[in-house]
Amino acid sequence: MNIIGIGNAIVDVICKVEDQFLIDHQLTKSTMRLVDETEFKNLLSNLAIEQTIAGGSVANSIVGMSQLGSNVSFIGKINNDELGNKYEESLTKEKVKYCYQKKQESISTGTCLILITPDSERTMCTFLGIAGKINENDIDEKAIKESSLTFLEGYLWDEGEPKMAFHKAMQLSKQVAMSLSDKFCVDRHKDSFLELVKNKLDITFANEQEIKELIDAKSYEEIIDFGKSLNKLLIVTRSDKGSVAIQGKEVVECSSKENLKIVDLTGAGDLFAAGFLHGYNQAWNIKQCLEMGTDMASQIIQKIGARLN
């Protein structure tokens, strides 16, 4: 069965920087900040580009699933410009069915500057461009109805048209999974995200920092208790402490891999979700899904960017 992702269609521009660059530009390490096109260009002006690739959190996951052999589709808003054309080509080359008809827009295709510091952490500055203007008319109803699961990203959630697109997609879906995306993203939309996790989503992906922010938890035990109370599937990644899935009263833990040569944490969460959902869609047990997620995340953090090949 097909999995469809809906997310910000963003071209990733990857650069290596020193910690001082973040300090000089008042950037908080390991978070994502929204910027306008002028600020984006100013930040990029003195940097050497390591890699440019079609990105966006859910798009990264969808490509990962495709590379594992899953049948996948993606909806994301792009302009009919050079970056938009490159974006679509990059996904279709990865055997992802692109379910959006691009047209000439007044706003350019979105871009994300990914800054990698020597400790392999990634800090992102995103110019959403037309990606942030997705609306319910951009949602391919047929594609969603024909899919077994819809995967959404918290980054996409915003008041107005994106929110309406989000709701339309959820209403049409057989099952809905979502990534909380980012601690600041959770902080901005806390009440809405809590409502989604409790009442709308079948599967929630979060790292420990994000879920603690969402439920104001101080300890791991509080996260487990919250997960048990949901009666849905909550997956929490815990960096070197591994990961855990909570479904009803069942708690399944998975260790992280050791002795890895970590160079870039950019795609860790995205590729973890890819591995997990690939297994989940084939009715693997939860432990097997966690192990596949862990394997995918372990591979991606040992290379630059969010693509395995």
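**A buried serine, a mixed sheet and its helices**

At 5% relative accessibility, S73 counts as buried, a term that means under 20% relative accessible area with a 1.4 Å probe and protein chains only. The model is predicted, so local features need pLDDT of at least 70 and side-chain atom pairs count only at pLDDT 80 or more, while totals for chains, interfaces and linings use all residues. Residues are numbered from 1 along each chain as its sequence is written, and side-chain values use heavy atoms, with hydrogens and water left out.

S73 is found in strand 5 (residues 72–75), strands being DSSP runs of E with at least two residues, and helices runs of H or I with at least four, numbered from the N terminus. Leaving aside neighbours within four places in sequence, S73 is in contact (heavy atoms within 4.5 Å) with residues including N2, I62 and C99.

The open sheet is formed by 9 strands in the order 6-5-1-9-10-11-12-13-14, with mixed pairing; two strands pair if DSSP finds at least two bridges between them. Strand 6 (97–98) and strand 14 (250–254) stand at the edges, each with a single partner strand, so one side of each is left without a neighbour in the sheet. Strand 12 (residues 233–237) pairs with strand 13 (residues 243–247) in the antiparallel sense over 5 bridges, and L233 has Q247 of strand 13 as its bridge partner. Helix 10 (residues 220–230) packs on the sheet and touches strand 12, strand 13 and strand 14.

Notes:
Buried < 20%, exposed > 50% of the residue type's maximum accessible area, 1.4 Å probe, protein only. Axes fitted to C-alpha atoms, helices over the stretch in contact; angles between N-to-C directions.
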